[in-house]
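Let's take a tour of some side-chain contacts in a protein model. Have the sequence and the 3D view ready.

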Amino acid sequence: MLLSLMIFIPLLGMVAVLLLPRESEELIKRVTLFFTLVPLALAVALFISYDRSAAGTQYVVNVPWISAFNIQYHVGIDGLSVTLLLLTALLGPICVIASWRNIEKGIKAYMALFLLLETGMLGFFAALDLFLFYVFFELTLLPMYFLIGVWGGPRREYAAIKFFLYTLFGSVLMLVAMIAVYLNSGAPGARTFDIPTLITLAATEGHALNNLNFQIWVFLGFFVGFAVKVPIFPFHTWLPDAHVEAPTAISVILAGILLKMGTYGLVRVNMAMFPQGMDFFCNGTGTWGNSLAILGFINIVYGSFCALAQTDFKKLVAYSSIGHMGFVILGLAARNTEGITGAILQMFNHGVISGMLFLLVGVLYDRAHHREINGFGGLGAKMPVYTGITTLAFMASLGLPGLSGFVGEALSLLGAYDKFKMLTILSTIGIVVGAAYFLWTLQRVFLGTLNPKYEALPEINGREILTLAPLGILTIVLGIWPNFAIDMFRESVTNLISVLEAI
C-alpha cells in the first residue's frame, strides 16, 4: 500500500494543481511541494524498513488490471529499485524548490506536468509487469517533451522534438520486443507480461524464451530502447541539446533520473530476462563478444573529450554525464559481482552528483544570464560559498577518493578488468580527461582576476543552498560509507549473478 501511495500521490497532486486558480501561483507552488514531499517521506520509510538480508521483491502489490491479456498491476521493490526510488523522490522537492523563482510563465501547467513526470518515474522503478513497465516508461515522455519545449531556452522546440523522436524510436523497438516476448511466453490463455515469471521461463530448458537466437533479437530490441535513454553512443546526440535548452530543474531530472531509467532497464530486463543474449554480447569471445564493453569505452572516452572541448558550462556537464554513464555500461558488461555492484552504485552516485552540477550551473546562469565558461573569472573571491560547493561537486564527479564518485567507478573498473583488460586500461583515459576539464573549468571560472562585469554578483542564497545541501551530504556520506547503498542491493546483485551463471 505504501508503494502504491508513493507512486500515485504526485498524480493526485497534479489533479489538485489543475483545480487551483491560475492566478494563485504561490499556492500552486506550495501544493506541488507538498505532493512531492509526501512521496519522499514514504520513500525514506520504505528505505529504512526494507529487509536488506532478504532476497526477492518486497512490498508487492499484484492485482488484475486487463484480465483478457493477463496484464496485472504488479509492483514491488528490491534492493536496486528502492535506492532509485529514494533518489527520484529526493530530487522531486529539490526541483520544485529550484523552480520556485526561475519559472515565470505557465506555472500551473509546469507544476502539473512535473507531478505527472514524477508519477511516471516512480512507477517505472516499481513495475514488475512488463506492460505496466512500458506504460510508465512512456508516461515520462510527454511531460518531458512539454517541459523542455515550452519552458526551455531559445532552441527549445528543436531540442524537445529531437528528444521525443529519439526516445520514440527506441520505444517502438522495445514495444515490438515486448510483444514478441509475450507471444512466446506460453500458449494462448497462459501468456504473461509478469517480469518474475518471464525470468523463470527464460531460464527453463526447452522453453521458447530460452532459445539463443530469440534472446539475441529481443535483447537488441530492448537494448536500443534503453540505450537511447542512457544514452549510449551513437544514440547520444539528443542529450546535449536537451540539457542546454531545458530549465535547470528539468536538466536535474533528465540527468539524475531519466538516464538511470535506461541503465535500470538494462539490469531489470536485458540482463535478468535474456542472460543468453547478454552473454552473446559480453562474453569476450566471438565476433560480438566485446560489444557492450566497447560501447561503454566509447562513451567514457568520447564523452570526456567532448566535455573538454566545451565552452558552455551546461553542455560540459551534459557531455560529462555521457562519459560517466560509460562506466555503468562497462561495469554491467563485466557481469561479475564487482562490476555490477559498481555500476549500480555509480547509477545512484551519478544521479546525486549530476543533480548538484546542474543546480550549480543554474545558480550562475540566473545571475549572469549566460553560461560561457570563458566569460567569467575570479568568482572565487566574490562567491566563496558557491565556489566551495562547486568544488565539492567537481571533485566528486572527477572521482576524488573519499567522495561518492570514486567508489562506483573504481568497482566498475575492477570488475571490468577481470574480463576486458585492454578496454579497461584504455578507459582510464576518461578519468584523466575528466580531471582536466573540471580543473580547467575551476580555474577559468573561479580563479584569477575578477571580471569587472561581476563586481556586484550576489552570493548563493538560502533557497539555493537548501536544494544543494542534501545532495552534498549524500556525496560525502557515500564516499566515506558506500555500504549505505551497497547493502541495499547486495542480495539483488547476488540473484542476478546466479541467473547469469546458470546459462
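## A first look

Is F193 buried or exposed? With a relative accessible area of 6%, F193 is buried, because buried means under 20% relative accessible area, exposed over 50%, and partly exposed in between (1.4 Å probe, protein chains only).

Some ground rules: this is a predicted model, where local features need pLDDT of at least 70, side-chain atom pairs count only at pLDDT 80 or more, and totals for chains, interfaces and linings use all residues. Residues are numbered from 1 along each chain as its sequence is written, and side-chain values use heavy atoms, leaving out hydrogens and water.

## Rings that pair up

You'll find 29 aromatic pairs in the structure. Rings of Phe, Tyr and Trp (its six-membered ring) pair if their centres lie within 6.5 Å; planes under 30 degrees apart count as stacked, over 60 as edge-to-face and the rest as tilted. Take F124 and F137: this pair is tilted, at 5.6 Å centre to centre and 45° between the planes. The two sit 13 residues apart, F124 in helix 4 (residues 107-126) and F137 in helix 5 (residues 130-139). Helices here are DSSP runs (H or I, at least four residues), numbered from the N terminus. F124 and F137 are both buried.

Now for Y182 and F193: their ring centres are 4.2 Å apart and their planes at 5°, so this pair is stacked. Y182 lies in helix 7 (residues 156-183) and F193 in the loop between helix 7 and helix 8 (195-202), so the pair ties together parts eleven residues apart in sequence. Y182 counts as buried too, at 13% relative accessibility.

## Salt bridges

Searching the whole structure turns up nine salt bridges, each a side-chain nitrogen of Lys or Arg within 4 Å of a carboxyl oxygen of Asp or Glu. One of them joins D241 and R155, with the closest N and O atoms 3.7 Å apart. D241 is buried, at a relative accessible area of 13%, while R155 is partly exposed, at 44%.

R367 and E464 also meet in a salt bridge (2.9 Å, N to O). R367 is in helix 15 and E464 in helix 20 (residues 462-480), 97 residues apart, and both are buried.
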